[in-house]
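This briefing goes through one protein model by topic. Please look over the sequence and structure first.

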Amino acid sequence: GLKGDCRWKSRETVFYILTPLVYFALQPPAFALRMAAILGRAVTSTRSSTWSLMRQWIPAVPQVRELHSLKQELAELIPKKQAEIKELKAKYKDTVIGNVTVDQIYGGMRDIKALVTETSLLDANEGIRFRGYSIAECQKLLPKAVGGDEPLPEGVFYLLLTGNIASKKKVDEISQDWASRAAVPHHVVQMLNNFPSTLHPMSQLSAAVIAMNSESKFVKAYSEGVNKTKYWESTYEDAMDLIAKLPTVASIIYRNLYRDGKVKAINSSRDWSANFAAMLGYDKPDFIDMLRLYLTIHCDHEGGNVSAHATHLVGSALSDPYLSFAAGLNGLAGPLHGLANQEVLVWLSELQAEIGIEITNKQLEDYLWKTLNAGRVVPGFGHAVLRKTDPRYICQREFSQKHLPNFPLFKVVSQLYEVAPKVLTAQGKTKNPWPNVDAHSGVLLQYYGMTEMNYYTVLFGVSRALGVLSSLVWDRALGFPIERPKSLTTEAIKKELEKKGGH
(Lines give C-alpha, C1' and ligand atoms only; values in the text may rest on other atoms or scores of the structure.)
Protein backbone atom coordinates (compact mmCIF):
# COMPACT_ATOMS: atom_id res chain seq x y z
CA GLY A 1 0.00 0.00 0.00
CA LEU A 2 2.99 2.34 -0.21
CA LYS A 3 2.69 5.35 -2.50
CA GLY A 4 5.37 7.33 -4.30
CA ASP A 5 8.96 6.33 -5.00
CA CYS A 6 9.34 3.00 -3.20
CA ARG A 7 12.88 2.44 -4.44
CA TRP A 8 14.46 5.05 -2.17
CA LYS A 9 12.18 3.96 0.68
CA SER A 10 13.56 0.46 0.53
CA ARG A 11 17.01 1.86 1.29
CA GLU A 12 16.77 5.18 3.08
CA THR A 13 13.64 4.58 5.14
CA VAL A 14 15.20 1.42 6.48
CA PHE A 15 18.22 3.49 7.52
CA TYR A 16 16.13 6.23 9.13
CA ILE A 17 13.94 3.75 10.98
CA LEU A 18 16.45 1.12 12.07
CA THR A 19 19.19 3.48 13.26
CA PRO A 20 17.33 4.62 16.44
CA LEU A 21 15.67 1.27 17.18
CA VAL A 22 18.14 0.19 19.86
CA TYR A 23 17.68 3.49 21.72
CA PHE A 24 13.98 3.51 20.90
CA ALA A 25 13.37 0.12 22.50
CA LEU A 26 14.78 1.24 25.83
CA GLN A 27 12.52 4.27 26.26
CA PRO A 28 9.34 4.74 28.36
CA PRO A 29 5.95 3.86 26.82
CA ALA A 30 4.97 7.50 26.20
CA PHE A 31 8.12 7.98 24.15
CA ALA A 32 7.55 4.75 22.27
CA LEU A 33 4.03 5.70 21.27
CA ARG A 34 5.12 9.08 19.99
CA MET A 35 7.97 7.60 17.96
CA ALA A 36 5.74 4.91 16.53
CA ALA A 37 3.37 7.58 15.25
CA ILE A 38 6.20 9.54 13.64
CA LEU A 39 7.82 6.50 12.06
CA GLY A 40 4.48 5.20 10.85
CA ARG A 41 3.90 8.45 8.99
CA ALA A 42 7.42 8.31 7.58
CA VAL A 43 6.86 5.20 5.50
CA THR A 44 3.92 6.80 3.69
CA SER A 45 5.66 10.11 2.99
CA THR A 46 7.86 11.63 0.32
CA ARG A 47 11.62 11.88 0.77
CA SER A 48 11.53 15.52 1.95
CA SER A 49 8.61 15.04 4.31
CA THR A 50 10.19 11.90 5.75
CA TRP A 51 13.29 13.87 6.68
CA SER A 52 11.05 16.56 8.17
CA LEU A 53 9.29 13.93 10.25
CA MET A 54 12.57 12.38 11.32
CA ARG A 55 13.81 15.76 12.50
CA GLN A 56 10.90 15.72 14.94
CA TRP A 57 12.44 12.62 16.47
CA ILE A 58 15.80 14.24 17.13
CA PRO A 59 14.67 17.09 19.48
CA ALA A 60 11.94 14.86 20.86
CA VAL A 61 14.43 12.56 22.57
CA PRO A 62 15.60 14.89 25.38
CA GLN A 63 12.21 16.60 25.68
CA VAL A 64 10.22 13.42 26.20
CA ARG A 65 12.85 11.94 28.50
CA GLU A 66 12.79 15.06 30.67
CA LEU A 67 9.00 15.18 30.67
CA HIS A 68 8.95 11.58 31.80
CA SER A 69 11.64 12.34 34.38
CA LEU A 70 9.79 15.35 35.84
CA LYS A 71 6.45 13.54 36.04
CA GLN A 72 8.21 10.51 37.45
CA GLU A 73 9.84 12.66 40.12
CA LEU A 74 6.43 14.05 41.04
CA ALA A 75 4.94 10.57 41.03
CA GLU A 76 7.56 9.54 43.59
CA LEU A 77 7.12 12.66 45.74
CA ILE A 78 3.33 12.64 45.89
CA PRO A 79 2.79 9.44 47.94
CA LYS A 80 5.33 10.63 50.50
CA LYS A 81 3.56 13.97 50.94
CA GLN A 82 0.16 12.22 51.06
CA ALA A 83 1.40 9.93 53.82
CA GLU A 84 2.91 12.87 55.72
CA ILE A 85 -0.37 14.80 55.67
CA LYS A 86 -2.44 11.73 56.53
CA GLU A 87 -0.30 11.12 59.60
CA LEU A 88 -0.42 14.81 60.58
CA LYS A 89 -4.22 14.92 60.33
CA ALA A 90 -4.66 11.68 62.26
CA LYS A 91 -2.48 12.92 65.10
CA TYR A 92 -3.49 16.58 65.28
CA LYS A 93 -6.84 16.92 63.47
CA ASP A 94 -8.55 18.64 66.42
CA THR A 95 -5.57 20.75 67.49
CA VAL A 96 -6.13 24.52 67.38
CA ILE A 97 -3.33 26.43 65.63
CA GLY A 98 -4.84 29.90 65.66
CA ASN A 99 -7.63 32.15 66.85
CA VAL A 100 -9.82 34.52 64.83
CA THR A 101 -10.67 38.03 66.02
CA VAL A 102 -13.56 40.26 65.01
CA ASP A 103 -11.03 42.67 63.52
CA GLN A 104 -9.68 39.92 61.27
CA ILE A 105 -13.15 38.92 60.09
CA TYR A 106 -13.88 42.49 59.01
CA GLY A 107 -10.29 43.19 57.94
CA GLY A 108 -9.81 40.98 54.90
CA MET A 109 -9.03 37.82 56.93
CA ARG A 110 -5.51 39.12 57.53
CA ASP A 111 -3.16 36.61 59.19
CA ILE A 112 -5.83 33.92 59.61
CA LYS A 113 -4.06 30.59 59.21
CA ALA A 114 -6.52 28.70 57.00
CA LEU A 115 -4.76 27.65 53.78
CA VAL A 116 -2.11 25.12 52.77
CA THR A 117 0.29 26.20 50.01
CA GLU A 118 3.38 24.03 49.69
CA THR A 119 5.31 26.10 47.16
CA SER A 120 6.28 29.15 49.21
CA LEU A 121 6.07 30.78 52.64
CA LEU A 122 6.13 34.47 53.47
CA ASP A 123 7.81 35.49 56.70
CA ALA A 124 7.17 39.01 58.01
CA ASN A 125 10.85 39.58 58.72
CA GLU A 126 12.61 37.42 56.13
CA GLY A 127 10.38 37.85 53.11
CA ILE A 128 9.36 35.13 50.67
CA ARG A 129 10.99 31.72 50.56
CA PHE A 130 10.43 29.40 47.62
CA ARG A 131 10.43 25.86 49.03
CA GLY A 132 12.62 27.13 51.85
CA TYR A 133 15.04 29.15 49.67
CA SER A 134 15.27 32.93 49.97
CA ILE A 135 15.43 35.23 46.93
CA ALA A 136 19.18 35.68 47.43
CA GLU A 137 19.70 31.92 47.68
CA CYS A 138 17.68 31.36 44.52
CA GLN A 139 19.80 33.94 42.70
CA LYS A 140 22.89 32.03 43.77
CA LEU A 141 21.75 28.43 43.36
CA LEU A 142 19.32 28.31 40.44
CA PRO A 143 20.77 27.68 36.96
CA LYS A 144 21.51 30.63 34.71
CA ALA A 145 21.66 31.08 30.96
CA VAL A 146 25.05 31.11 29.29
CA GLY A 147 26.32 34.68 29.65
CA GLY A 148 23.50 35.62 32.03
CA ASP A 149 23.69 36.58 35.70
CA GLU A 150 20.09 36.04 36.79
CA PRO A 151 18.27 32.74 37.48
CA LEU A 152 16.19 31.12 34.77
CA PRO A 153 12.44 30.99 35.62
CA GLU A 154 12.43 27.37 34.47
CA GLY A 155 14.62 26.65 37.49
CA VAL A 156 12.25 28.27 39.97
CA PHE A 157 9.33 26.38 38.40
CA TYR A 158 11.18 23.10 38.91
CA LEU A 159 11.92 24.16 42.50
CA LEU A 160 8.29 25.09 43.23
CA LEU A 161 7.02 21.86 41.71
CA THR A 162 9.51 19.43 43.26
CA GLY A 163 11.27 21.20 46.11
CA ASN A 164 14.61 20.44 44.46
CA ILE A 165 17.26 22.53 42.72
CA ALA A 166 17.42 21.56 39.04
CA SER A 167 20.60 20.98 37.08
CA LYS A 168 21.31 23.23 34.10
CA LYS A 169 20.58 20.27 31.83
CA LYS A 170 17.13 19.76 33.32
CA VAL A 171 16.34 23.44 33.05
CA ASP A 172 17.44 23.53 29.40
CA GLU A 173 15.22 20.57 28.62
CA ILE A 174 12.24 22.27 30.28
CA SER A 175 12.96 25.28 28.04
CA GLN A 176 12.84 23.00 25.00
CA ASP A 177 9.67 21.32 26.22
CA TRP A 178 7.92 24.67 26.73
CA ALA A 179 9.08 25.83 23.28
CA SER A 180 7.50 22.72 21.77
CA ARG A 181 4.17 23.52 23.49
CA ALA A 182 4.10 27.26 22.75
CA ALA A 183 1.77 27.34 19.73
CA VAL A 184 -1.49 29.16 20.46
CA PRO A 185 -4.77 27.80 19.00
CA HIS A 186 -5.88 29.58 15.83
CA HIS A 187 -9.22 30.65 17.29
CA VAL A 188 -7.43 32.38 20.17
CA VAL A 189 -5.09 34.26 17.83
CA GLN A 190 -8.10 35.37 15.78
CA MET A 191 -9.87 36.53 18.91
CA LEU A 192 -6.85 38.56 20.07
CA ASN A 193 -6.46 40.14 16.64
CA ASN A 194 -10.11 41.17 16.67
CA PHE A 195 -10.07 42.83 20.09
CA PRO A 196 -10.41 46.64 20.04
CA SER A 197 -7.33 48.60 21.03
CA THR A 198 -9.35 50.09 23.90
CA LEU A 199 -9.61 46.71 25.67
CA HIS A 200 -7.15 46.56 28.59
CA PRO A 201 -4.21 44.15 28.12
CA MET A 202 -5.20 42.21 31.24
CA SER A 203 -8.74 41.76 29.94
CA GLN A 204 -7.29 40.39 26.72
CA LEU A 205 -4.95 38.03 28.58
CA SER A 206 -7.73 36.69 30.80
CA ALA A 207 -10.06 36.16 27.84
CA ALA A 208 -7.34 34.35 25.87
CA VAL A 209 -6.55 32.04 28.78
CA ILE A 210 -10.23 31.14 29.16
CA ALA A 211 -10.55 30.51 25.42
CA MET A 212 -7.57 28.16 25.49
CA ASN A 213 -9.43 25.79 27.78
CA SER A 214 -10.61 24.20 24.53
CA GLU A 215 -7.21 22.46 24.72
CA SER A 216 -7.54 21.27 28.33
CA LYS A 217 -6.30 17.74 28.90
CA PHE A 218 -7.88 17.78 32.37
CA VAL A 219 -11.33 18.43 30.89
CA LYS A 220 -10.86 15.54 28.48
CA ALA A 221 -9.60 13.17 31.19
CA TYR A 222 -12.39 14.12 33.59
CA SER A 223 -15.06 13.62 30.93
CA GLU A 224 -13.63 10.16 30.27
CA GLY A 225 -13.95 9.22 33.94
CA VAL A 226 -10.32 9.28 35.01
CA ASN A 227 -9.70 8.10 38.57
CA LYS A 228 -9.36 11.04 40.97
CA THR A 229 -5.93 9.81 42.06
CA LYS A 230 -4.80 10.66 38.52
CA TYR A 231 -6.24 14.19 38.41
CA TRP A 232 -2.81 15.66 38.99
CA GLU A 233 -1.37 14.15 35.80
CA SER A 234 -3.66 15.97 33.34
CA THR A 235 -3.49 19.07 35.56
CA TYR A 236 0.30 18.94 35.21
CA GLU A 237 -0.01 18.68 31.42
CA ASP A 238 -2.38 21.66 31.31
CA ALA A 239 -0.03 23.65 33.54
CA MET A 240 2.92 22.93 31.27
CA ASP A 241 0.92 23.81 28.16
CA LEU A 242 -0.45 27.01 29.65
CA ILE A 243 2.90 28.25 30.95
CA ALA A 244 4.43 27.52 27.54
CA LYS A 245 1.75 29.47 25.66
CA LEU A 246 1.52 32.53 27.93
CA PRO A 247 4.54 34.42 26.50
CA THR A 248 3.15 33.97 22.98
CA VAL A 249 -0.29 35.25 24.01
CA ALA A 250 1.23 38.12 25.98
CA SER A 251 3.45 39.08 23.03
CA ILE A 252 0.52 39.08 20.58
CA ILE A 253 -1.29 41.46 22.93
CA TYR A 254 1.74 43.74 23.23
CA ARG A 255 2.56 43.80 19.52
CA ASN A 256 -1.08 44.37 18.55
CA LEU A 257 -1.56 47.26 20.96
CA TYR A 258 1.80 49.04 20.78
CA ARG A 259 3.75 47.86 17.73
CA ASP A 260 3.12 46.48 14.23
CA GLY A 261 1.21 43.34 15.22
CA LYS A 262 3.98 41.02 14.04
CA VAL A 263 5.39 38.42 16.48
CA LYS A 264 8.59 36.47 15.97
CA ALA A 265 8.51 32.68 15.95
CA ILE A 266 9.63 30.64 18.95
CA ASN A 267 13.28 29.55 18.82
CA SER A 268 13.60 26.12 20.44
CA SER A 269 17.25 26.74 21.28
CA ARG A 270 16.44 29.75 23.51
CA ASP A 271 15.12 29.81 27.05
CA TRP A 272 11.57 30.83 28.02
CA SER A 273 12.48 34.44 28.92
CA ALA A 274 14.72 34.97 25.88
CA ASN A 275 11.93 33.82 23.58
CA PHE A 276 9.47 36.07 25.40
CA ALA A 277 11.77 39.08 25.08
CA ALA A 278 12.32 38.40 21.36
CA MET A 279 8.59 38.08 20.70
CA LEU A 280 8.00 41.36 22.54
CA GLY A 281 10.68 42.95 20.36
CA TYR A 282 13.48 43.41 22.90
CA ASP A 283 16.82 41.72 22.18
CA LYS A 284 19.31 43.50 24.46
CA PRO A 285 21.05 40.95 26.70
CA ASP A 286 20.54 43.15 29.77
CA PHE A 287 16.79 43.34 29.14
CA ILE A 288 16.58 39.57 28.75
CA ASP A 289 18.43 39.07 32.03
CA MET A 290 16.20 41.65 33.73
CA LEU A 291 13.15 39.78 32.40
CA ARG A 292 14.50 36.51 33.81
CA LEU A 293 14.86 38.18 37.21
CA TYR A 294 11.40 39.77 36.97
CA LEU A 295 9.68 36.50 36.02
CA THR A 296 11.49 34.65 38.80
CA ILE A 297 10.80 36.99 41.71
CA HIS A 298 7.12 37.63 40.89
CA CYS A 299 6.25 33.93 40.50
CA ASP A 300 4.82 33.15 43.94
CA HIS A 301 4.03 34.83 47.27
CA GLU A 302 2.41 32.07 49.31
CA GLY A 303 -1.29 31.25 48.97
CA GLY A 304 -3.20 34.09 50.63
CA ASN A 305 -2.71 36.84 48.06
CA VAL A 306 -5.61 37.48 45.68
CA SER A 307 -4.20 35.87 42.51
CA ALA A 308 -2.96 32.73 44.29
CA HIS A 309 -6.08 32.32 46.42
CA ALA A 310 -8.44 32.93 43.49
CA THR A 311 -6.65 30.29 41.41
CA HIS A 312 -6.79 27.82 44.29
CA LEU A 313 -10.42 28.62 45.12
CA VAL A 314 -11.72 28.17 41.58
CA GLY A 315 -9.50 25.14 41.11
CA SER A 316 -10.97 23.55 44.23
CA ALA A 317 -14.24 23.19 42.29
CA LEU A 318 -12.26 21.06 39.79
CA SER A 319 -12.36 23.84 37.23
CA ASP A 320 -9.53 23.19 34.77
CA PRO A 321 -6.21 25.07 35.07
CA TYR A 322 -7.16 27.53 32.31
CA LEU A 323 -10.35 28.66 34.05
CA SER A 324 -8.65 28.62 37.46
CA PHE A 325 -5.70 30.72 36.35
CA ALA A 326 -7.98 33.17 34.54
CA ALA A 327 -9.66 33.80 37.90
CA GLY A 328 -6.26 34.56 39.39
CA LEU A 329 -5.49 36.95 36.53
CA ASN A 330 -8.76 38.81 37.09
CA GLY A 331 -7.77 39.33 40.71
CA LEU A 332 -4.27 40.39 39.71
CA ALA A 333 -5.77 43.09 37.48
CA GLY A 334 -7.13 44.95 40.52
CA PRO A 335 -5.46 48.20 41.61
CA LEU A 336 -4.78 46.79 45.10
CA HIS A 337 -2.84 43.83 43.69
CA GLY A 338 -1.05 43.75 40.33
CA LEU A 339 -1.56 47.38 39.28
CA ALA A 340 0.52 48.74 42.16
CA ASN A 341 3.74 49.19 40.15
CA GLN A 342 1.82 51.29 37.65
CA GLU A 343 0.54 53.51 40.47
CA VAL A 344 4.13 53.98 41.67
CA LEU A 345 5.13 55.36 38.26
CA VAL A 346 2.10 57.66 38.14
CA TRP A 347 3.03 59.04 41.56
CA LEU A 348 6.67 59.52 40.50
CA SER A 349 5.53 61.29 37.33
CA GLU A 350 3.38 63.67 39.38
CA LEU A 351 6.33 64.30 41.69
CA GLN A 352 8.66 65.16 38.82
CA ALA A 353 6.02 67.28 37.09
CA GLU A 354 5.67 69.43 40.22
CA ILE A 355 9.30 69.62 41.36
CA GLY A 356 11.46 68.65 38.38
CA ILE A 357 14.13 66.03 37.69
CA GLU A 358 16.61 67.25 40.32
CA ILE A 359 14.93 66.78 43.71
CA THR A 360 16.39 67.50 47.13
CA ASN A 361 15.63 65.30 50.12
CA LYS A 362 13.75 68.21 51.74
CA GLN A 363 11.55 68.65 48.66
CA LEU A 364 10.88 64.92 48.61
CA GLU A 365 9.99 64.90 52.30
CA ASP A 366 7.56 67.78 51.80
CA TYR A 367 5.91 66.05 48.84
CA LEU A 368 5.51 62.84 50.85
CA TRP A 369 3.75 64.76 53.63
CA LYS A 370 1.57 66.49 51.04
CA THR A 371 0.52 63.07 49.71
CA LEU A 372 -0.24 61.70 53.17
CA ASN A 373 -2.07 64.81 54.38
CA ALA A 374 -4.31 64.58 51.29
CA GLY A 375 -5.51 61.18 52.53
CA ARG A 376 -3.54 59.25 49.90
CA VAL A 377 -1.06 56.42 50.35
CA VAL A 378 2.51 56.43 49.12
CA PRO A 379 2.43 53.66 46.49
CA GLY A 380 5.15 51.04 46.65
CA PHE A 381 5.61 51.26 50.41
CA GLY A 382 4.19 48.92 53.04
CA HIS A 383 2.92 45.37 52.78
CA ALA A 384 0.10 43.32 54.30
CA VAL A 385 2.56 40.79 55.75
CA LEU A 386 6.14 42.05 55.45
CA ARG A 387 7.68 44.17 58.19
CA LYS A 388 10.99 44.93 56.46
CA THR A 389 12.26 45.90 53.00
CA ASP A 390 10.96 43.42 50.47
CA PRO A 391 13.83 41.15 49.27
CA ARG A 392 12.33 41.39 45.79
CA TYR A 393 12.90 45.15 45.97
CA ILE A 394 16.49 44.64 47.09
CA CYS A 395 17.46 42.35 44.19
CA GLN A 396 15.96 44.81 41.69
CA ARG A 397 17.85 47.64 43.37
CA GLU A 398 21.09 45.67 43.06
CA PHE A 399 20.38 45.01 39.38
CA SER A 400 19.78 48.74 38.84
CA GLN A 401 22.95 49.74 40.66
CA LYS A 402 24.83 47.51 38.25
CA HIS A 403 23.08 48.33 34.97
CA LEU A 404 21.40 51.75 35.29
CA PRO A 405 22.99 53.67 38.19
CA ASN A 406 22.57 57.07 36.48
CA PHE A 407 18.99 56.65 35.28
CA PRO A 408 17.09 59.68 36.70
CA LEU A 409 14.06 57.65 37.76
CA PHE A 410 16.28 55.19 39.61
CA LYS A 411 17.94 58.07 41.45
CA VAL A 412 14.54 59.28 42.67
CA VAL A 413 13.59 55.77 43.79
CA SER A 414 16.89 55.55 45.67
CA GLN A 415 16.12 58.86 47.38
CA LEU A 416 12.71 57.55 48.35
CA TYR A 417 14.39 54.53 49.93
CA GLU A 418 16.23 56.91 52.24
CA VAL A 419 13.48 59.48 52.94
CA ALA A 420 10.09 57.74 52.79
CA PRO A 421 10.52 55.26 55.70
CA LYS A 422 11.33 58.15 58.07
CA VAL A 423 8.24 60.11 57.00
CA LEU A 424 5.96 57.07 57.19
CA THR A 425 7.32 56.16 60.62
CA ALA A 426 6.77 59.72 61.83
CA GLN A 427 3.18 59.60 60.59
CA GLY A 428 2.65 56.50 62.71
CA LYS A 429 -0.12 54.85 60.69
CA THR A 430 1.80 52.10 58.89
CA LYS A 431 3.13 48.85 60.33
CA ASN A 432 5.72 48.63 57.56
CA PRO A 433 7.33 51.84 56.24
CA TRP A 434 9.67 49.96 53.88
CA PRO A 435 9.45 49.58 50.08
CA ASN A 436 7.91 46.53 48.43
CA VAL A 437 8.54 44.93 45.03
CA ASP A 438 6.24 47.39 43.22
CA ALA A 439 8.36 50.38 44.23
CA HIS A 440 11.04 49.28 41.76
CA SER A 441 9.83 46.96 38.98
CA GLY A 442 8.30 49.69 36.81
CA VAL A 443 11.53 51.68 36.87
CA LEU A 444 13.44 48.82 35.25
CA LEU A 445 10.88 48.46 32.48
CA GLN A 446 10.90 52.22 31.84
CA TYR A 447 14.68 52.23 31.50
CA TYR A 448 14.65 49.56 28.80
CA GLY A 449 12.00 51.38 26.78
CA MET A 450 8.87 49.49 27.78
CA THR A 451 6.94 52.60 28.76
CA GLU A 452 3.43 51.19 28.27
CA MET A 453 2.36 51.02 31.92
CA ASN A 454 -1.00 49.37 31.22
CA TYR A 455 0.93 46.31 30.07
CA TYR A 456 3.05 45.78 33.18
CA THR A 457 0.51 43.60 34.97
CA VAL A 458 0.55 41.20 32.01
CA LEU A 459 4.23 40.50 32.76
CA PHE A 460 3.27 39.96 36.40
CA GLY A 461 0.57 37.52 35.28
CA VAL A 462 2.93 35.49 33.10
CA SER A 463 5.29 35.15 36.05
CA ARG A 464 2.59 34.34 38.59
CA ALA A 465 1.53 31.33 36.50
CA LEU A 466 4.68 29.51 37.60
CA GLY A 467 3.67 29.56 41.26
CA VAL A 468 -0.10 29.19 41.19
CA LEU A 469 -0.09 26.41 38.61
CA SER A 470 2.58 24.49 40.54
CA SER A 471 0.32 24.80 43.56
CA LEU A 472 -2.70 23.65 41.56
CA VAL A 473 -0.88 20.47 40.53
CA TRP A 474 -0.23 19.76 44.21
CA ASP A 475 -3.85 20.61 45.13
CA ARG A 476 -4.94 17.86 42.76
CA ALA A 477 -2.24 15.45 43.91
CA LEU A 478 -3.17 15.87 47.56
CA GLY A 479 -6.89 15.62 46.88
CA PHE A 480 -7.78 18.95 48.47
CA PRO A 481 -11.58 19.38 48.72
CA ILE A 482 -13.67 22.24 47.44
CA GLU A 483 -13.08 25.34 49.55
CA ARG A 484 -16.12 26.37 51.59
CA PRO A 485 -15.41 28.59 54.62
CA LYS A 486 -18.19 29.68 56.95
CA SER A 487 -19.50 33.23 56.64
CA LEU A 488 -21.43 35.19 59.25
CA THR A 489 -23.76 38.17 59.33
CA THR A 490 -23.03 41.06 61.67
CA GLU A 491 -26.00 39.93 63.75
CA ALA A 492 -24.56 36.41 63.98
CA ILE A 493 -21.22 37.83 65.11
CA LYS A 494 -22.98 39.78 67.87
CA LYS A 495 -24.68 36.60 69.06
CA GLU A 496 -21.35 34.76 69.08
CA LEU A 497 -19.85 37.54 71.19
CA GLU A 498 -22.77 37.39 73.61
CA LYS A 499 -22.17 33.69 74.11
CA LYS A 500 -18.53 34.46 74.91
CA GLY A 501 -19.46 37.24 77.29
CA GLY A 502 -18.46 40.02 74.94
CA HIS A 503 -20.05 43.47 74.88
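A residue is called buried under 20% relative accessible area, exposed over 50% and partly exposed in between, with a 1.4 Å probe and protein chains only. The model is predicted, so local features need pLDDT of at least 70 and side-chain atom pairs count only at pLDDT 80 or more, while totals for chains, interfaces and linings use all residues. Residues are numbered from 1 along each chain as its sequence is written, and side-chain values use heavy atoms, with hydrogens and water left out.

**Overall**

- The protein has 23 helices and three strands; helices (H or I, at least four residues) and strands (E, at least two) are DSSP runs, numbered from the N terminus.
- Of the 503 residues in the protein, 49% are buried.
- Among contacts (heavy atoms within 4.5 Å) with a separation of 6 or more, 75% are between residues 24 or more positions apart.

**Loop between α14 and α15**

- Glutamate 302 lies in the loop between α14 (285-297) and α15 (306-315).
- With a relative accessible area of 21%, glutamate 302 is partly exposed.
- The phi of glutamate 302 is positive, about 50°, although the residue is not a glycine.
- Histidine 301 is also placed in the loop between α14 and α15, and its 7% relative accessibility makes it buried.
- Leaving aside residues up to four places away in sequence, histidine 301 touches Ser120, Leu122, Ile128, His383, Arg392 and Arg464.
- The C-alpha atoms of histidine 301 and arginine 464 are 8.8 Å apart, although 163 residues separate the two in sequence.

**Loop between β2 and β3**

- Arginine 131 sits in the loop between β2 (127-130) and β3 (133-134).
- Arginine 131 is not a glycine, yet its phi is positive, near 50°.

**Packing of α9 and α12**

- Helix α9 (residues 186-194) and helix α12 (residues 231-258) have axes that come within 10 Å and cross at roughly 25°; the axes are lines fitted to C-alpha atoms over the stretch in contact, with angles from 0 to 180 degrees between N-to-C directions.
- The angle makes α9 roughly parallel to α12, a term for angles under 35 degrees.
- Val189, Leu192 and Asn193 of α9 meet Val249, Ile252, Ile253 and Asn256 of α12 in this contact.

Conventions: Parallel < 35°, antiparallel > 145°, perpendicular 65-115°, else oblique.
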